[in-house]
Amino acid sequence: MNTSKTAEKLSLSTGDIAIVGYGCRLPGNASSLDDLWGVLGRPHDVINTIGNERWVHDRLYHPEQVSGFTYSNAAGMINDVYSFDPSFFGMSPREAIQIDPQHRLLLQVTWEAFENAGINPYKLPDRNVDVYVGISATDYGTMFHHDTAMIDAHFMPGNALSFAANRLSYFYDFHGESLAIDTACSSSMVALHKAAQAIENEQTDFVVVSGAHALLSPSPFVAFSRAGMLSHKGHCFCFDNRADGYVRSEGIITLLLTTRRKAEENNWPIMALLKGTGVNTDGYRSSLLSPKSDRQSELMATLSDSCQADIKNYVYFEAHGTGTPVGDPAECNAIHNALQPGKRNDPLPIGSIKSHIGHTEPLSGLAGISKVL
C-alpha cells in the first residue's frame with residue numbers, strides 16, 4: 001500500500017547514527033529480538049483469528065465482499081493488548097481506561113528499550129531528547145462514540161494521535177521535539193527519517209523513535225474488505241504467485257538512536273549503524289493507494305549513491321512486500337531498476353517480515369528494521 005508521504009530532501013549520513021536500544025511487542029509472542037528471531041525461524045507464519053475479546057467477529061463475517069461485513073478475520077495479534085500498570089507510569093486507573101492501549105504500550109515498550117540499552121533515561125544530560133512516533137489508528141477512541149457518557153476529561157489527550165509522542169516526552173521529562181507522524185503504512189519509517197535528520201542536523205544527539213498499531217475495531221476490516229485489499233486465504237504471500245491481499249497485524253516497537261561517538265563514549269551497545277534515510281512521494285497520475293515503481297526506484301538509487309553504498313556488498317534487501325498482486329510486482333521492478341542489473345555477480349535476496357507476522361500497517365517500517373536487526 002503506497003501512502004501520501006511528506007516530500008523532503010534526502011537525509012544523509014556516513015554511518016554515524018547508532019541504534020543502541022530496542023523494545024517490542026509483535027505477533028508470535030515476541031517481546032524481544034531473540035523472540036522475533038524464533039518467530040522468523042519457523043516454517044509457518046504466526047497469523048491467528050481475531051478473538052471475541054476484541055469484538056464478536058462472527059456477527060460481522062461473510063465469506064464474500066458484502067456491504068457491512070468483512071471476509072477476513074485473520075490477523076497477527078499481540079498478547080495482552082489491554083494489560084497495563086497505571087501506577088508505575090504515574091496515572092490513576094480512571095485516567096488509564098480513557099487512554100488508547102497504543103499509547104499505554106508505547107510507555108511500556110519504551111521503558112524496556114532503555115532497559116535493553118542499559119541507559120537510565122533520567123540521567124541523559126540536558127533532557128534534549130526528541131521523540132518521533134509513527135501511528136495512524138484511532139480504533140479505541142471510536143468505541144467511546146457508541147456511549148458518550150463514558151467519556152471524561154482524560155478522553156481527548158488519551159486518544160489524540162499527537163499525545164502518543166507527547167506522553168513519552170512528559171513521562172521521561174524530555175525537552176526536544178515530540179511529534180506523532182501519520183503517513184499511513186510508511187508512518188514509522190518517516191518517523192525514523194525525522195529522527196535521523198534531527199541527529200544529523202545536530203538538533204539533538206539522542207532520539208526515541210517508535211511505532212504503534214493495535215486492532216481494536218472491526219470498521220477497518222470492513223473497509224479494507226470492501227476494497228478487496230485483504231487476503232481471502234488469510235496469509236501474506238509476499239512475492240508469491242499465491243498472493244491475494246494482505247493480513248492486518250498489530251505491534252509496538254521502540255528504537256533508541258544516538259551518535260556513534262556518544263554510544264562509544266558511554267559504552268552503550270551498538271546494534272546497527274544507520275547510513276542514510278530518504279523520503280519522497282508518488283505525486284499525481286498514479287493511484288492514491290498503489291505504488292509507483294519509478295518513484296520508488298528513484299529514491300532507492302539516489303540514496304544508495306549518496307551514501308556511497310556499493311551494491312556489490314549488499315547481502316539482503318528487506319522490502320515492504322505486502323503480498324498484493326499490485327504492490328509486490330511494482331516493488332520488485334523498482335528494486336531491480338534501482339540496483340542496476342549487471343553490477344552484481346550474485347543474486348540479491350529480498351524478503352518481507354510480513355510473510356511471518358502480517359502487515360502491521362503504520363508500524364511496518366520498523367518491523368522490517370527489526371527483522372534486519
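Leaving aside residues up to four places away in sequence, Ala74 makes contact with Ile47, Asn48, Phe221, Gly234, Val247 and Arg248. The structure described here is a predicted model. Ala74 belongs to strand β3, which spans residues 74-76. The relative accessible area of Ala74 is 13%, so this residue counts as buried. The C-alpha atom of Ala74 is separated by 33 Å from that of Asp294, a residue 220 positions away along the chain.

The protein contains 13 helices and 11 strands. Its C-alpha atoms occupy a box of roughly 60 × 50 × 40 Å along the principal axes. The radius of gyration is 20 Å, which agrees with the value near 21 Å that a compact globule of 373 residues would have. Of these 373 residues, 55% are buried. The accessible surface amounts to about 16,700 Å², and carbon and sulfur atoms account for 52% of this area. When contacts between residues at least 6 apart in sequence are considered, 79% of them link residues at least 24 apart.

Confidence in the model was examined along the chain. The average pLDDT of the protein is 92, and 95% of the residues reach a score of at least 70. Residues 1-13 form a stretch in which pLDDT stays under 50. For this stretch, the model has 53 contacts beyond four places in sequence.

Helix α6 covers residues 162-172, and its buried residues are Ala164, Ala165, Arg167, Leu168, Ser169, Phe171 and Tyr172. These buried residues pack against helices α2, α3 and α5 (155-159), as well as against strands β4 (130-134), β5 (178-181) and β6 (206-213). Just after α6, Asp173 adopts a positive phi of about 55°.

One of the helices against which α6 packs is α3, which comprises residues 101-117 and includes Thr110. With a relative accessible area of 1%, Thr110 is buried. Beyond four places in sequence, Thr110 touches Leu168, Tyr172, Val208, Ser210 and Thr254. Leu168 and Tyr172 are among the buried residues of α6. The side chains of Thr110 and Thr254 are also joined by a polar contact of 3.0 Å.

Thr360 is located in the loop between α12 (354-357) and α13 (364-372). A polar atom of the Thr360 side chain lies 3.2 Å from the backbone nitrogen of Ser364. With residues up to four places away in sequence left out, Thr360 is in contact with His213, Ser249, Glu250 and Ala367.

Most residues other than glycine have a negative phi, and most peptide bonds are trans. Asn29, which is not a glycine, has a positive phi of about 60°. This residue, Asn29, is found in the loop between β1 (11-25) and α1 (33-40). Asn29 is exposed, because its relative accessibility is 53%. In Asp80, phi is likewise positive, with a value near 55°. Asp80 is placed in the loop between β3 and α2 (93-96), and its relative accessible area of 55% makes this residue exposed.

The structure holds 0 disulfides. Cys24 takes part in no disulfide, and the nearest cysteine sulfur, belonging to Cys236, is 18 Å away. Cys24 is buried, at 0% relative accessibility. For Cys185, the closest cysteine sulfur is again that of Cys236, but the separation of 11 Å is too far for a bond, given that a disulfide requires sulfur atoms within 2.5 Å. Cys185 has a relative accessibility of 6% and therefore also counts as buried.

Notes: Residues numbered from 1 in each chain as written. Predicted model: local features only at pLDDT ≥ 70, side-chain atom pairs only at ≥ 80, totals over all residues. Heavy atoms only, no water. Helix = DSSP H or I, 4+ residues; strand = E, 2+ residues; numbered from the N terminus. Buried < 20%, exposed > 50% of the residue type's maximum accessible area, 1.4 Å probe, protein only. Polar contact = N/O pair within 3.5 Å; in protein donor to acceptor, adjacent residues only side chain to side chain. Contact = heavy atoms within 4.5 Å. Rg over C-alpha atoms; globule rule 2.2 N^0.38 Å. Areas by Shrake-Rupley, 256 points an atom, 1.4 Å probe, with all protein chains shown as cover. pLDDT = per-residue confidence, 0-100.
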